[in-house]
Amino acid sequence: LKNAIRTFIVARATRISRNQVNEHNSMLVNASRFTRIQGQLRNEIHIFLNNIIASIRVNGALDKKTSLSDPVIKDLYETWKHEYGHLEVGWDDIKGSLLEAYAATSVIEINSNSSGKLDYSENEKKGLNVIAVGGFALSRGLTLESLSISYILRNSMMYDTLMQMGRWFGYRPGYEDLCRIWMPEDAQGW
């Protein structure tokens with residue numbers, strides 16, 4: 001999950017470097033059908049993101065060698081290198097966009113007990129950047145605009161349920177090369 005979150009931040013930084021600054025960016029986290037676990041997961045993701053932003057603020061603007069001595073920045077660099085290092089956007093561009101990539105990101109719990117809501121239309125001018133954590137509400141009927149990263153632990157042998165949980169199709173031009181899916185091996189076969 002941590003790698004998926006880092007990938008989301010790096011993908012957003014890549015889109016900023018491509019002048020897709022005011023576009024929506026979404027990540028789906030569908031790990032449990034239990035709302036209590038979804039709330040705990042949302043809190044842990046928020047803490048993890050706060051650690052990332054602290055490192056970006058302190059060490060993100062330093063030269064490459066010095067900034068990579070920070071383990072958080074190094075993890076972001078390794079994520080970029082592994083997932084997107086073959087693309088046209090170099091590390092210096094990514095590093096320069098990390099603060100902006102993180103700054104607009106919110107973590108929202110989407111379920112019957114949460115007050116979180118995804119209102120893409122209210123954020124049309126500057127784009128909504130969100131990590132949506134949920135279960136059943138994310139499994140059916142909810143559209144995540146500009147979904148680039150999916151993290152799915154829930155299992156289902158039904159292919160239509162898997163497709164609905166992941167919303168893996170319909171990527172828009174301009175970021176289709178950034179889309180990634182994390183899921184258990186069993187579910188990949190299903």
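**Salt bridges and the fold around them**

Six salt bridges are counted in this protein, a salt bridge being a side-chain nitrogen of Lys or Arg within 4 Å of a carboxyl oxygen of Asp or Glu. The model is predicted, and for that reason local features need a pLDDT of at least 70 and side-chain atom pairs count only at pLDDT 80 or more, while totals for chains, interfaces and linings use all residues. Residues are numbered from 1 along each chain as its sequence is written, and side-chain values use heavy atoms, with hydrogens and water left out.

One of these bridges joins Asp75 to Arg6, with the closest N and O atoms 3.9 Å apart. Asp75 belongs to helix α4 and Arg6 to helix α1, so the pair ties together parts that are 69 residues apart in sequence; helices here are DSSP runs of H or I with at least four residues, strands are runs of E with at least two, and both are numbered from the N terminus. Asp75 is partly exposed at 36% relative accessibility, whereas Arg6 is buried at 14%, where buried means under 20% relative accessible area, exposed over 50%, and partly exposed in between, with a 1.4 Å probe and protein chains only.

A further bridge is formed by Glu88 and Arg18, whose closest N and O atoms are 2.8 Å apart. Glu88 sits in the loop between α4 and α5 and Arg18 in the loop between α1 and β1, so this pair ties together parts that are 70 residues apart in sequence. Glu88 is exposed, with a relative accessible area of 56%, while Arg18 is buried, with a value of 18%. The side chains of Arg180 and Glu83 also meet in a salt bridge, at 2.6 Å from N to O. Here Arg180 is in strand β5 (residues 180-182) and Glu83 in helix α4, so that distant parts of the chain, 97 residues apart, are linked. Both partners count as buried, Arg180 at 17% relative accessibility and Glu83 at 9%. Salt bridges that share partners, in turn, join Arg18, Glu88 and Asp177 into one network.

As for the fold as a whole, the protein has eight helices and five strands, which follow the pattern α-β-α-α-α-α-β-β-α-β-α-β-α when read along the sequence. Of its 190 residues, 51% are buried. Among the contacts (heavy atoms within 4.5 Å) with a separation of 6 or more, 74% are between residues 24 or more positions apart. The protein exposes about 9,700 Å², of which carbon and sulfur atoms supply 51%; these areas come from the Shrake-Rupley method with a 1.4 Å probe.

The interior can be described through its nonpolar cores, each a set of buried Ala, Val, Leu, Ile, Met, Phe, Trp, Tyr and Cys residues joined through side-chain atoms within 4.5 Å. The largest of them has 38 residues, of which Met27, Ile45, Leu49 and Ile131 touch the most other members. Two or more residues are given to this core by each of α1, β1, α2 (35-59), α4 (71-84), α5, β3 (129-134) and β4, and the largest share, eight residues, comes from α1. A second, separate core has eleven residues, including Ile110, Leu128, Ala132 and Leu147. Returning to Ile131, its contacts beyond four places in sequence include Ile5, Phe8, Met27, Val29, Ile45 and Leu49.

Which charged residue is buried yet has no salt bridge? This is Lys95, for which the nearest side chain of opposite charge, Asp92, is 5.1 Å away. Lys95 is found in helix α5 (residues 91-103) and, leaving aside neighbours within four places in sequence, is in contact with Gly60, Ala61, Leu62, Asp63, Lys64 and Ser67.

Two backbone positions complete the tour. Most residues other than glycine have a negative phi. Asn19, which is not a glycine, has a positive phi of about 65 degrees, and lies in the loop between α1 (2-17) and β1 (25-30). Ser146 likewise has a positive phi, near 50 degrees, and lies in the loop between α6 (136-139) and β4 (147-152). Asn19 is exposed, with a relative accessible area of 70%, whereas Ser146 counts as buried at 13% relative accessibility.

Notes:
Lys, Arg positive; Asp, Glu negative; His and termini not counted.
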